[in-house]
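Subject: Handover of a structure and findings

Dear colleague,

Please find below the structure that I am handing over to you. My findings are set out after it.

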Amino acid sequence: MTRECAVLLPGVCAALADPRQPGLDDTCLEKLLDWFRSLTWFDPTVELVQDNPCLTELITSVLALPEPSPSILSFTLQLAGILASSESRFQHLQQEKLLGRLFGREGPRGSAAWEDASVRSAWVKGVHSMVHHQPALHFLCSTGGMDVIFTLQGDPSLFVASAASQLLVHMLTFSVESETSKALSTKDCDWPACAQMIVKHIQESLQSSSASHIEQSLKLLSSLFGSCFGSCYAAWTEVLWLDVAKQIESFLLEETVQAQPLLANLLLNVARSPVFCGTEGSFWALVTSALEHLTPVQAGPLAVGLLKLCKCPQDVRIQALTVLLQPMDCILRAASQPLECAGLLDESVSDPGTVENLLSSKTSCAGLLCQTLAHLEKLLSLKHLRVDLPCVSLLHSLMTILQFCNGFLSPTSPLGSTISRNLINCFRVQKSALDVLAALAEKKDCDTLIGSLFDVLLAYLQSPNTSPTVLKKTFQATSKWLVHLQELSCSNSQWQQTEKILEDVFVVLQKRLCSPCWEVRDSSLEFLTAMVKCLRDQKEFRQCLLSSEVLRLTENLLEDPESYVRASAVTAVGHLAPIACFAPESPVTGNQYNKESIVAKLQEILSTDSEGFPRRAVISIFTKWLREGCTGQLEDTEQFVSRAIQTVEHDLDWEVRLGGLELVEVFCSQTICQLSQCPYAPVSSAVTSSTPQNELLQVFCRAKLFGFLFGSLCDCDKPVGQRACDVLVGLRGHFYPMSTLENPQEIEGSPAGHGIAWLQRTLRQGSLAQNFPTDGGDGVDFQDPESMMLALGAIDLLELHDELNKSSDHVEESPQSLLQDILATVGTIEDNEVDCY
């Protein structure tokens with residue numbers, strides 16, 4: 001603690017303990033506690049409380065109050081716990097007889113203040129902070145604290161109940177740490193005293209008739225096995241599991257027990273423990289039993305969790321996959337008559353009738369399918385899945401679900417008819433199925449169904465009943481499968497099928513681009529952009545695109561009344577332009593889609609559009625074009641960049657200005673590569689006056705880059721200033737690779753010296769200089785190469801870089817500032833709004 005803080009602290013403690021003062025803002029108190037946590041973390045000695053007696057005086061004063069406010073009492077409980085986190089400070093507070101009055105029987109847990117949830121929560125947090133040494137553990141066990149924690153597990157406040165459970169996990173883990181060196185066997189093992197109390201409580205709760213007690217203990221066991229206890233203390237983990245395994249098994253077999261939904265999470269956390277990595281033992285038999293006895297909804301999370309484990313036995317893994325595929329299997333069987341037709345599975349893990357009943361019910365059908373589909377999507381995203389997914393059958397099942405949902409399939413079986421009625425127009429299931437469908441596009445063995453698949457996708461794209469959100473998902477899935485189709489065509493020469501599908505897609509796209517619903521127009525443009533990104537090198541795609549009305553319709557949407565659509569249209573046009581008007585075979589005949597027209601329209605949007613989204617899209621596209629070399633020769637590019645930055649430097653949207661700086665950065669990098677003697681290395685200091693360097697400066701000055709960059713340093717939005725500084729530091733590194741000017745003071749005698757000195761002073765004002773003159777104010781000529789060379793060498797850009805990257809509260813967040821805030825605010829502002837970091 002600094003001397004300045006030590007001087008301020010007594011006044012703060014006195015103010016906190018004074019009942020006449022209004023209570024402090026909770027944020028202020030939390031920040032004060034954070035400060036004490038950092039102090040005690042780095043210094044476990046007793047000196048903190050000995051050298052600052054005001055801390056113990058604060059605790060004593062609060063305890064002496066007949067009715068302390070809940071916020072101050074809560075603060076005191078947490079503060080005492082933090083101070084008592086080291087053994088030496090714990091003993092000091094014990095000698096002062098303070099801890100018993102806070103956390104013991106004579107503490108607030110028997111008073112009216114205990115009714116306040118914040119006090120109970122603070123008590124738990126205080127204990128948690130304190131229990132980092134054995135004396136604190138013995139103190140808690142001997143003063144009835146364990147019973148209090150057990151009771152708080154079922155507290156009506158979820159925050160208190162959760163904190164109590166976390167505390168018990170911490171205490172059990174901490175109490176066995178000292179025993180880890182002992183040789184343990186699962187047959188002869190004595191828990192340490194505190195751990196024994198917790199384990200006994202868990203066992204008694206599991207055997208009780210109280211559903212809430214059973215639930216609390218199952219949650220606690222889950223947390224224990226899922227924490228470092230389960231992964232670091234193998235022997236103790238095995239002992240704990242053997243203590244409770246029989247009771248857990250009984251819950252699986254008793255269908256009336258309400259605790260079954262919690263068992264899946266518990267078993268999964270146990271399975272993750274290194275103790276149970278082997279294939280032997282009764283644990284995996286219990287997991288197998290759980291997969292059989294839990295309902296499909298309860299077993300699903302357990303199944304997908306097991307499939308993601310590295311060391312799950314293969315037979316259990318196959319059983320878990322079977323559980324996940326059962327609903328999909330039922331869908332396939334229900335779609336055909338008779339029901340004996342082949343589905344996904346040869347046999348089921350549990351009774352197929354259970355799944356059929358759930359799918360037959362209107363209330364449970366969608367929920368079960370959405371959960372199953374979400375799990376399958378997770379599995380498909382894994383790089384290494386240790387079981388083989390039946391992708392062809394799965395794809396068939398997904399197509400069946402989608403056809404059920406839009407009414408395009410009329411099954412003849414009674415079960416199929418029921419499921420179809422349950423799923424008709426079910427948007428939730430449609431979106432989930434399309435997500436899995438998109439994920440399946442990465443698989444290579446679904447080629448036989450690709451024609452039928454596009455029939456289903458096109459039906460969704462064409463149907464007026466497809467909702468905008470489902471249509472967006474359909475577009476995303478179609479995009480993924482078009483890429484797969486392209487790969488397939490290249491290998492199998494199935495050009496005709498590909499061409500026909502693309503033609504159908506473009507016919508639908510033209511219709512959707514004219515939709516009265518703006519969400520549909522927007523997602524159509526996003527789909528078009530995604531297609532161009534992936535397929536622009538494919539001959540069939542380019543032919544279909546250039547012969548359709550898509551180019552004209554997209555260009556028309558640059559004037560759409562909805563700003564989101566205009567932004568998406570800008571992005572689409574930006575990706576189409578390299579194909580339609582920048583490529584050698586362009587422009588398209590009979591179409592006004594040419595380079596000059598497109599550039600002019602986007603520049604107009606950048607300078608006049610009232611919304612930020614389209615303007616951001618334009619500057620992003622301009623940068624993309626520049627990167628890809630679409631803007632012509634150096635002279636054309638120079639004019640293009642200059643016009644863009646002169647537009648964006650006055651834009652009110654900071655993201656547009658930031659985009660302008662990215663454009664400048666790309667332009668600088670490309671120009672240096674084109675004009676420098678060595679494109680990939682800075683030139684030596686000996687040639688800084690060479691022709692390429694002068695030419696570089698002249699290009700940058702003609703493009704008016706320096707006025708934009710130096711002006712951006714004073715931008716009121718910090719990211720803009722930071723990016724501008726990064727660009728200038730990069731330029732300075734190119735022109736002055738070894739160091740800055742050796743004698744910067746010599747500049748003052750040069751013609752430009754006065755202006756450079758003014759520029760340096762102005763930049764030090766930071767964002768206070770927002771009205772930064774870029775037109776040569778105060779003698780700075782931002783278009784004069786010699787002046788800009790001097791500016792890059794003389795101005796300390798690295799110091800400016802450090803200043804810009806400092807946190808805005810690097811001064812105000814100090815503990816001293818916090819203490820000063822508290823002293824200045826307590827009792828002086830009616831609403832007590834502290835300007836606290």
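Predicted model: local features only at pLDDT ≥ 70, side-chain atom pairs only at ≥ 80, totals over all residues.

The chain contains 42 helices and zero strands. Of its 837 residues, 53% are buried. The chain exposes about 37,700 Å², and carbon and sulfur atoms account for 50% of that area. Considering contacts between residues at least 6 apart in sequence, 71% join residues at least 24 apart.

Helix H1, which spans residues 3–17, packs against helix H42 (residues 815–825). The angle between the two is about 30°, and their axes are 10 Å apart. Because angles under 35 degrees count as roughly parallel, H1 is roughly parallel to H42. The residues of H1 that make this contact are Glu4, Cys5, Leu8, Leu9, Gly11 and Val12. On the side of H42, the contact is made by Pro815, Gln816, Leu819, Gln820, Ile822 and Leu823. H1 passes H42 in a left-handed crossing.

H1 also packs against helix H2 (residues 26–42), here at an angle of about 135° and with the axes 14 Å apart. An angle must be over 145 degrees to count as roughly antiparallel, so the arrangement of H1 and H2 is described as oblique. Their crossing is left-handed. In this pair, Cys5, Leu9, Val12 and Leu16 of H1 meet Leu29, Leu32, Trp35 and Phe36 of H2.

H15 contributes Trp241, Ala245, Ile248, Glu249, Leu252 and Leu253 to the contact, while H17 contributes Phe283, Leu286, Ser289, Ala290 and His293. H15 passes H17 in a left-handed crossing.

Turning to the cysteines, the count of disulfides is zero. Cysteine 194 illustrates the point: the closest cysteine sulfur, in cysteine 141, lies 3.9 Å from its own sulfur. A disulfide requires the two sulfur atoms to be within 2.5 Å, so the separation between cysteine 194 and cysteine 141 is too far for a bond. Cysteine 194 is buried, at 3% relative accessibility. Cysteine 391 is buried as well, with a relative accessible area of 5%.

Serine 420 belongs to helix H23 (residues 414–423). Its relative accessible area is 11%, and because buried means under 20%, serine 420 counts as buried. Apart from its neighbours within four places in sequence, serine 420 is in contact with Phe404, Leu409 and Pro411.

Serine 463 sits in the loop between helix H25 (450–462) and helix H26 (468–492). With a relative accessible area of 13%, serine 463 is also buried. Serine 463 and asparagine 406 are separated by 57 residues in sequence, and their C-alpha atoms are 8.8 Å apart in space.

Yours sincerely

Definitions and conventions: Residues numbered from 1 in each chain as written. Heavy atoms only, no water. Helix = DSSP H or I, 4+ residues; strand = E, 2+ residues; numbered from the N terminus. Buried < 20%, exposed > 50% of the residue type's maximum accessible area, 1.4 Å probe, protein only. Contact = heavy atoms within 4.5 Å. Areas by Shrake-Rupley, 256 points an atom, 1.4 Å probe, with all protein chains shown as cover. Left-handed = near helix turned anticlockwise from the far one by under 90°. Axes fitted to C-alpha atoms, helices over the stretch in contact; angles between N-to-C directions. Parallel < 35°, antiparallel > 145°, perpendicular 65-115°, else oblique.
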